[in-house]
Every structure is written in C-alpha cells, then in structure tokens.
Amino acid sequence: MSENTSLQETKIIEKPKATPKKKKRNINISGIVGAVILVVLIVIIVSVGKSFLTNSKGPVFGSRFSNSLVEKITDNHLTTLRNNLKVAGVDKVEVNLIAATLRISVDTVDNADAKKIESITDEIKKKLYATLPKEKYFTNQKEVKMYDYEIHVFNVVKSTDTQKQVYVVVGKSGAGDEYLEKVSEPKNADVSKKVKEVKKLP
C-alpha cells in the first residue's frame, strides 16, 4: 500500500456541527408598562418641581381673606375690649387677634371652682358681644366669612392636692356653630381612671 492510501484509511469522518438555534425572547409586557409609568411619573415630578421653583422667586401678593371680614376688628376695638373684660374674680386677661380668630385667655383666681368659672365665662361672653356684636363680627354674611372667637377660662395651670384645675373653652365659628369644651374633664371617665391606675403601678 502506498502512504497516501494508509492516510486516507486512518482519517476519521467528522460530522458537521449542528448550528445552535437562537432562543426566542419572550416579551415582558408588565415590565414595559411599568417602565413607561415610571418615566411618566418622573416627567410629572420634574415639571411640578420646576413650576414651584419658578413661582417661589418672588413674593405672592393678595389677601388670604378675599371677600371676607368686611367689618374689621381694629386695634382700638381690642383695647376697648381689654378694658371691658375686667371682671371680679379674674387675675389676668389677654386678648389676641390671630388671623381671623379672636382669642381671649382669662386667668381667674386660683380658688375659683367650676361654678365660679362657668359664671365668669358667661360674663366674659356677654361683655364680648356688648363690645363686638355677634351678628356684625362673628356671623358669616352672604358669600362673606367673618371672625371666629375662642374664650379660654382657667383657674390654675395644673391640678394639685389642694386645688383642682378647672379649664373651659367656649367659642363660635363664623358659620354660627357655638361650642363648649371642658378641657380639665376627661371625655371618657372610665378610660381616664384606668390610665391613672396603671400609672400608680410600681
């Protein structure tokens, strides 16, 4: 045999390699929708932020009480009111006008009991209306909002073994709603009693 013939016989016949099939990619619909929503939210946040920055460069002019408070409570009214609120059994009276709310704080003598506090509160309210009539200053008119008021009446800042605190708040909104709150008395006596009992435990 020739050399060429022996080489041909020893050759291994190789099979052609199969071409790998490309895997089909599944389209993730939920991922695409989530990405779109995220982009939209980012665009909205950026645009809103830009508008705030643009509008905050200068002062804002105008009145927050447009179409309101047609009858104004002036400094002279407040001075007159302070003088008129001198009532027996009262140590100190403070009168403040904050925005559209007239706030009156009445510090009574320390030994004033609940009945005395109630009497002082009624007298303060009567003197308030005598100085600033309810219908004119504290009652809303057609399409016009008027003042609210709060009267805080109390004897001591905190209850002691010898003196019980009495604290009441009366008020009225311009819409006409009057209210009375006994701040020193718990709204739920049973819950208050249980809380006090827990505090006494060692």
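**Helices, sheet and rings**

Me: At what angle do helix 3 and helix 4 pack?
Reply: Helix 3 and helix 4 pack at about 145 degrees, and their axes are 10 Å apart. Axes are lines fitted to C-alpha atoms, for helices over the stretch in contact, and angles run from 0 to 180 degrees between N-to-C directions. This is a predicted model: local features need pLDDT of at least 70, side-chain atom pairs count only at pLDDT 80 or more, and totals for chains, interfaces and linings use all residues. Residues are numbered from 1 along each chain as its sequence is written, and side-chain values use heavy atoms, with hydrogens and water left out.

Me: Which residues make the contact?
Reply: Helix 3 gives His 77, Thr 80, Leu 81 and Asn 84; helix 4 gives Lys 127, Leu 128 and Thr 131. Contact means heavy atoms within 4.5 Å. The residues divide into 2 nonpolar, 4 polar and 1 charged. Ala, Val, Leu, Ile, Met, Phe, Trp, Tyr, Cys and Pro count as nonpolar, Asp, Glu, Lys and Arg as charged, and the others, Gly among them, as polar.

Me: What makes strand 4 and strand 5 a pair?
Reply: Two strands pair if DSSP finds at least two bridges between them. Strand 4 (residues 167–172) and strand 5 have 5 bridges, so they pair. They run antiparallel. One of the partners is Tyr 179 for Gly 171. Strands themselves are DSSP runs (E, at least two residues), as are helices (H or I, at least four), numbered from the N terminus. The two strands form a hairpin with 5 residues between them, and Gly 176 in the turn has a positive phi of about 110 degrees.

Me: Why are strand 1 and strand 5 called edge strands?
Reply: Strand 1 (90–98) and strand 5 (178–182) each pair on one side only. The open sheet has 5 strands in the order 1-2-3-4-5, with mixed pairing. Its twist averages 10 degrees from one strand to the next.

Me: Why is strand 4 said to be largely enclosed?
Reply: 5 of its 6 residues are buried, so the rest of the structure largely encloses strand 4. Buried means under 20% relative accessible area (exposed is over 50%, partly exposed lies in between; 1.4 Å probe, protein chains only).

Me: What makes Phe 138 and Tyr 149 an aromatic pair, and of which kind?
Reply: Rings of Phe, Tyr and Trp (its six-membered ring) pair if their centres lie within 6.5 Å; planes under 30 degrees apart count as stacked, over 60 as edge-to-face and the rest as tilted. Phe 138 and Tyr 149 are 5.2 Å centre to centre, with 80 degrees between the planes, so the pair is edge-to-face. Phe 138 sits in the loop between helix 5 (134–137) and strand 3, while Tyr 149 is in strand 3, 11 residues apart. Both are buried.

Me: How many aromatic pairs are there?
Reply: The count comes to 4. Ring pairs also link Tyr 129, Phe 138 and Tyr 149 into a cluster.
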